[in-house]
Amino acid sequence: MKKKAIVLAALGSISVSVSAAAPLKAEDYCDLKVCVPAGIGEMRPLADGKTYSMVSKDGRKIDIYSYETGKKTGTLFDLDAVKGQVKIDSFNGYQVSENGRKILLWNDVKGIWRYSFTAEYYVYDTMRGTMQKVSEKGAQRGATMSHDGLRIAYVRDNNIFISNLDYRTDIAVTTDGEVNKITNGAPDWVYEEEFGVQCTLCWSGDDQTLAFVKWNETDVPAYSFDAYRSYCDKDPLGDPYPTSFTYKYPLPGYPNSQVSVHAYDLNSRVTKEMELQIGKDDYIPNIQFDGKGERLMVMKLNRDQNDLRIFSVNPSSTVATQVYAEQSKAWIDNDVYNMVHYGNDSFVIASNKSGWTHLYEYSYNGRQLRQITSGDFNVTNYYGKSAAGNHFVQTTKLGAVNRNVAMIDAKGVMKLLHDTPGWESCSFSKDFTYYVRTWSDLNTPPQYTVWSTVGKKVNDLEMNAAYASKYASAPKFELTKVKNAQGAEMDAMIMKPAGFSESKKYPLMMYQYNGPGSQEVTNKWHLDGLNYIAQSGYVVAAVDGRGTGGRSAEWMHSVYMHLGKFETEDQIAGANEIAKLPYIDASRMSLFGWSYGGYMTLMEMTAENTPFKCGVAMAAVTDWRWYDSIYTERFMRTPGQNEEGYAGSSAIGRSHRLKGRLLIMSGSSDDNVHFYNTLKYTSKLSYEGHLFDMMVFTGMDHSLRTCNARTQLYRKVVDFLDTNLK
């Protein structure tokens, strides 16, 4: 369940934009076709601070643009201009060396887990115009270029190699890698899913040391499931004997991978283990070199995830010195502590120890230098510090449902770059002179503009005017407030159906996720499958109850050790309050959730005071003993530590109280929330004599992002609601 690039936590909030390829005539229904607004592509700040790179629309070039004028000033790479014998027809991504002389490109991407992949990697020499293949011995994972662009470190078959481009040699850094036993450099499944770690290969500033993490997952229990081909496959009937898939998946209380941190010296070709005293249950969620590239900064987290330490390590002597420590009575959020920046002489890290998420600056001897931000709001992203000493952050200064970017000057005075409510994020130039602003709200599709940090608008990149006009009449959410079971205000939003009339009574569908730290109620553009449901005649609403993010740490931590209890109370209270609106028919109420939200559907449908006539649960956890260790233990600890909490939060444990009609759905190849959850739950429903509806997406994973699976999902949801509420 995940959110950010380096952090992203698993039953992560599900985006519900839908693939194309629907065989239906539904031009106005966003889930039945591609209806995403126009974007601008990824803009990479270049070292000069004045320009950025962007892949051309045809995908064949990497062009250079000026922030100041918005005009193209040159070309960094052109597929059609490559000299020599090594050429490629396309590329999926790229990385430019710090000196700008080499470009690492990759293609032939094959996915592994949610973020990870293998690919064929190439290095382009910008001076010579020629290209080299990193390795001829098979696809690579997590390739990382040295600062000078002369070497590429990568993972293949669970081992680390370094390719020397000048000498065309591959040096094996490790040799003990083995599937389902030892993995070097690249993480195991649960680290990638719950800590957002994709690769740990990192170069020292002088490129003479390569640091990495080793995972020993020998003692982690294996999980297996049958792998059936779907009709999205090139040969859907080519599996008369279905195969099985086996990988290491730690459940709560079971052994995790044991981790260790190592550094390889390129001159001596010796690998040393760092002296960190890592216990068998400790985690290493992050390693990086400091701003000077000398100190290896290592985060260590205990299994309960309430004790975080940061160490400064000398990779040559292996000696580690603790420079930061934090403890919590609940959990320390990985989205927060990964908001860290290691500078030359100090580092900045976020913490919600004050009750709100704020930034703190520390020296490398462990002394707090200052608190950078303070107040009853959260810092939700840290962009960095300019040469003038100004810090740039994203905040909830204008309320939990909004995001606004701010500058904090050297005196500690904070000023919003724009004081407009909505959802704002920025991408800054290297010298923080310019930034690309992305902004939307509930009524405005994303707009992309270029600004200078002195407050001058430079250029409009994409305003989505045609898109906004096309969907001007589509149902849209409106923000409101409702009260929870204790009378506290909760953020909520309501979408009225197409052709809405105050004189009519409409059925209500509550959509939710509600996992700890998540948010559904946000003041940003929404156009997805929920709009399709509203278009079909339903009022759609969402409520962010206790446990959700954007508000105080106390609000989020209130669900600690008993997931599902307060969330269920608050969702039902919110639904009952919305049902008092004159245009809602309180006798026709339903709910729908995906992942954690699917779990919430099961909890609310089995509550003694449930007001729901029917509900839809997609990819639901049905007992937290069956989900992964890192996510579950973060909020619940282990079953041995919290037996009562696990019993009370079990959806399958209260299935006998199911009221109303249930539709439960899952992908048969879900490596995240296993199909096992759905099978066990439906088996118990049958045993107890309940009637229910079920839909399986053969060969599909947790997010249903292939073929027309999402189209089918929302068609089924509307069909189910029509059957039971109309």
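Trainee: Let me start with a side chain: is E361 buried or exposed?

Mentor: Keep in mind that this is a predicted model. The general idea is to compare the relative accessible area with a cut-off, and a residue under 20% counts as buried. E361 has a relative accessible area of 8%, and therefore it is buried.

Trainee: Which residue does the side chain of E361 meet in a salt bridge?

Mentor: The side chain of E361 meets that of R370, with 3.5 Å from N to O. R370 is partly exposed, its relative accessible area being 23%, whereas E361 is buried.

Trainee: How many salt bridges are there by this rule?

Mentor: The count comes to 35 salt bridges. One of them joins the side chains of D345 and K292, at 3.5 Å from N to O. D345 lies in the loop between β24 and β25, and K292 in the loop between β20 and β21, so this pair ties together parts that are 53 residues apart in sequence. D345 is exposed, with a relative accessible area of 57%, while K292 is partly exposed at 43%.

Trainee: Where do E569 and K565 lie, and how many residues apart are they?

Mentor: Both belong to helix α6, and because they are four residues apart, about one helical turn separates them.

Trainee: What should I look for in the backbone angles?

Mentor: The general idea is that most residues other than glycine have a negative phi. In this structure, F432 has a positive phi, near 60°, and C707 has a positive phi of about 55° although it is not a glycine. F432 is found in the loop between β32 and β33 and is buried, with a relative accessible area of 11%. C707, in the loop between β43 and α11, counts as partly exposed at 41% relative accessibility.

Trainee: Which residues does S666 touch, not counting those up to four places away in sequence?

Mentor: S666 touches M618, A619, F675, T678, M695, V696 and F697. S666 is found in strand β42, and at 1% relative accessibility it counts as buried.

Key:
Residues numbered from 1 in each chain as written. Predicted model: local features only at pLDDT ≥ 70, side-chain atom pairs only at ≥ 80, totals over all residues. Heavy atoms only, no water. Helix = DSSP H or I, 4+ residues; strand = E, 2+ residues; numbered from the N terminus. Buried < 20%, exposed > 50% of the residue type's maximum accessible area, 1.4 Å probe, protein only. Contact = heavy atoms within 4.5 Å. Salt bridge = Lys/Arg side-chain N within 4 Å of Asp/Glu carboxyl O.
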